[in-house]
Amino acid sequence: PKGGAAKQLPKVGKTSLIMSLVSEEFPDEVPLRAEEITIPADVTPERVPTHIVDYSEAEQSEEQLYQEISKANVICIVYSVNSKKSIEKVTSHWIPLINDRTDKDSRVPLILVGNKSDLVEHSSMETILPIMNQFQDIETCVECSAKNLKNISELFYYAQKAVLHPTGPLYCPEEKELKLSCIKALTRIFKITDLDNDGILNDNELNFFQRTCFNTPLAPQALEDVKNVVRRNMADGVKDNGLTLKGFLFLHTLFIQRGRHETTWTVLRRFGYDDDLELTQEYLFPIIKIPPDCTTELNHNAYLFLQSVFDKHDKDRDCALSPEEVKDLFKVFPYMPWGPDVNNTVCTNDKGWITYQGYLSQWTLTTYLDVQRSLEYLGYLGYSIVYEQESQAAAITVTRSKRIDLQKKQTQRSVFRCNVFGAAGSGKSGFLQAFLGRNLQRQKQIRETHKSYYAISTTYVYGQEKYLLLHEAIPDVDFLSEEELACDVVCLVYDVNDPRSFEYCAKVYKQYFIDSKTPCVVIAAKSDLHEVRQHYSLSPHDFCRKHKLHPPQSFTCNTTTVPTKDLYTRLTTMAMYPHMAQADLKNSTFWLRASLGATVCAVLGFAMYRALLKQR
């Protein structure tokens, strides 16, 4: 920190204070102004280098004073305890002058320093306390004596502490309680630490918290002592031998009231907060490098963490999150990250609640489409803290370049993107929703304002669980973005009952994909309706034959039961093995192998899911 000692009336002894600190003895001759002094980090309790800057009215201009005020992290206003005039000048001159020169939202902490305490029998504190109550910027007041070295090192320790552990953002002295922003931050910390979400920090959780923040567990007796302090001071601070949120907040109030701000600041900073009690950009957005042609996925540890977060909030153990449970899960966020469209992006149960599978799918989607947002969300949930990682970046796998996958004819990726093209009304939305197990009847219940242009769920390819991400592209064929063209497999959807529908598919294919290595599939949607002749020079079958594409795949979501997933498994298989999709064009066993693999794994998957349910 850079400190400034603002000068009062002449001869209050501020230069003597600086000289006494440095030489550890009272100077016989005192210059008008001390040179700027740097106290090295290794001799200060907080291990931070400190620059002490003196000011002299006789030697320096007001402009120089203003410059020093603007650069200071903390300002010590020195008065003489035996001079009433110098005490009055604190409020009449110095505090207004400093406040005029500093931004209201980022005021510099002030320390009132009563020097020459060796000359009086009484304390000036009675006069000073009302001033401290009047001005919130005053961090503390200390009486000292440059002559007999009383409280000199303490004065500069308090100055450091005012910068590193300020009271202002945490506590309101008038109300004698924590400020709202501090309560909000500590409540999030409590919720993250409450690993079983029962509203109480048990001994294991308190030890986890202690180890996380201070690198040392608490002895059993120390734990009991902490709880006893809370018990003695409030009725509902301890419940079932664990600390409640009220008790947790009370402890931090107590730390601050006893001058141990550094304890609360250590906790806040460990959980990612800055001096304004906002989560830092470095905490929320750790650096992660993503080369072109690579994608982002969650790794095994990230999925384990997200499963634990789901279990923590799935109170009724029905493997789905009710609206209340979703709300509870996101209480550690400053805003609600999921809108109603999420329920139409992933699998839900009969009540429309997001299932366990749907929940993991949404996280997979966010990580794939917007990894920065995924890092931010994991930051709010405290991933790096709970899993003791350097940052949320440890949760992300950056896949190798798709170009290398194509060369090696194999991929380690788990998420594959399928962009769905089709004219307006061709059945694209129905195709997306059917992937989530919704037939036409269920789709009709979706509000237009809650519509999603994405759908994501799992499929099984040769025994491996993979995510397929469907994206409904905008119908305007001349304005397709790079994002809408970059994918692993393409679906061209046309309505068999609309004679003008196929022309759009042909146009998109010829304009964007005819020379691409991306596999393309033509979907003959609404196949439950009467098929009409398409107004195009070639029939869909002839078009596919000419361009060496698989024959059009019949599809309908107008079923009485859940629509079949076979087609989506085939799409995932093509995305995983684009070279095989081309090579096996004349060989119908490609589709057969994909479908058979899906059926076997779906049965296995269901058995595992039921086992998981039993376990939970």
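This is a predicted model: local features need pLDDT of at least 70, side-chain atom pairs count only at pLDDT 80 or more; totals for chains, interfaces and linings use all residues.
The UniProt record, in an unreviewed entry, places a Miro domain at residues 1-165 and 413-577. Over residues 413-577 the chain is 28% helix and 24% strand, and the C-alpha atoms at the two ends are 11 Å apart.

E16 runs parallel to strand E18 (residues 464-472), to which six bridges join it, and Val-420 stands opposite Glu-472 of E18. E16 also pairs in the parallel sense with strand E19 (residues 489-495), over five bridges, and here Cys-418 stands opposite Val-489.

Turning to the aromatic rings, a search of the whole structure finds 27 aromatic pairs. One of them joins Tyr-335 and Tyr-380 in an edge-to-face arrangement, with 6.2 Å from centre to centre and 90 degrees between the planes. Because Tyr-335 lies in the loop between helix H13 (323-329) and strand E14 (354-355), whereas Tyr-380 belongs to helix H15 (residues 371-381), the pair ties together parts that are 45 residues apart in sequence. Tyr-335 counts as partly exposed because its relative accessibility is 35%, whereas Tyr-380, at 6% relative accessibility, counts as buried. Both tyrosines belong to one aromatic cluster, whose members also include Phe-310, Trp-338, Tyr-359 and Trp-363.

Notes: Residues are numbered from 1 along each chain as its sequence is written. Side-chain values use heavy atoms; hydrogens and water are left out. UniProt positions are given in the numbering used here, feature names are shortened, and annotations may be inferred rather than shown by experiment. Helices (H or I, at least four residues) and strands (E, at least two) are DSSP runs, numbered from the N terminus. Two strands pair if DSSP finds at least two bridges between them. Rings of Phe, Tyr and Trp (its six-membered ring) pair if their centres lie within 6.5 Å; planes under 30 degrees apart count as stacked, over 60 as edge-to-face and the rest as tilted. Buried means under 20% relative accessible area, exposed over 50%, partly exposed in between (1.4 Å probe, protein chains only).
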